[in-house]
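Thanks for passing this one along. Below are a few points to read with the model open beside you.

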Amino acid sequence: MSESTQAWVVAGVRAVLGAHTQAQDAGRTDDLVALYTPDAVLEIPGMDPVQGRDAIHAAFKGWEPVQPQLHLVTNTVVTSTGEDEARALSDVVFLQRGETGWAIGVVGHYDDTLHRQDGTWLLHRRKTTYQA
């Protein structure tokens, strides 16, 4: 894969991750779910895997913010296995603002697999792990 293609893959993947975070923190569930493939899988510790856009939509609808929140996604490393599939490993810190100010709720990692469908990068699998 050429360097320019690799750069294009990285830019596309990072754009999806950023759009996901922005939509999730703003409670824009429809926008967030549009970033997943129809057969996507969401894996979160302590839950059964959530599979398919309808199930992912229902899950995120139930998690819409009731107070200000931020997911800080950082240290993302993107590797591609071709022009239509990529993997991104990221650190994530979840912050929530309560009565006493901002507090860290969760620290963890995202292990994302993305597929390019019809020229658009979409999340195919997101596995979240938490730090102790």
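**Notes on the fold and on one residue**

1. Please keep in mind that this is a predicted model.

2. On secondary structure, you will find three helices and six strands in the protein chain. Reading from the N terminus, the order is α-α-β-β-α-β-β-β-β. The radius of gyration is 15 Å, close to the 14 Å given by the globule rule for 132 residues, so the chain is as compact as a globular protein of that length. If you are setting up a box, the C-alpha atoms fill roughly 50 × 30 × 25 Å along the principal axes.

3. The protein chain exposes about 7,400 Å², and 51% of that comes from carbon and sulfur atoms.

4. For charges, the count is 10 positive and 17 negative side chains in the protein chain. The centres of these two sets lie 3 Å apart.

5. Phe94 deserves a look of its own; this residue sits in strand 4, which covers residues 85–98. Is Phe94 buried or exposed? Its relative accessibility is 16%, and because the cut-off for buried is under 20%, Phe94 counts as buried.

6. What does Phe94 touch, leaving aside residues up to four places away in sequence? Its contacts are Gln69, Leu70, His71, Ala103, Ile104, Gly105 and Val106. Leu70 is 24 residues from Phe94 along the chain, yet their C-alpha atoms are separated by 5.8 Å.

Technical notes:
Residues numbered from 1 in each chain as written. Predicted model: local features only at pLDDT ≥ 70, side-chain atom pairs only at ≥ 80, totals over all residues. Heavy atoms only, no water. Helix = DSSP H or I, 4+ residues; strand = E, 2+ residues; numbered from the N terminus. Rg over C-alpha atoms; globule rule 2.2 N^0.38 Å. Areas by Shrake-Rupley, 256 points an atom, 1.4 Å probe, with all protein chains shown as cover. Lys, Arg positive; Asp, Glu negative; His and termini not counted. Charge placed at Lys NZ, Arg CZ, Asp CG, Glu CD. Buried < 20%, exposed > 50% of the residue type's maximum accessible area, 1.4 Å probe, protein only. Contact = heavy atoms within 4.5 Å.
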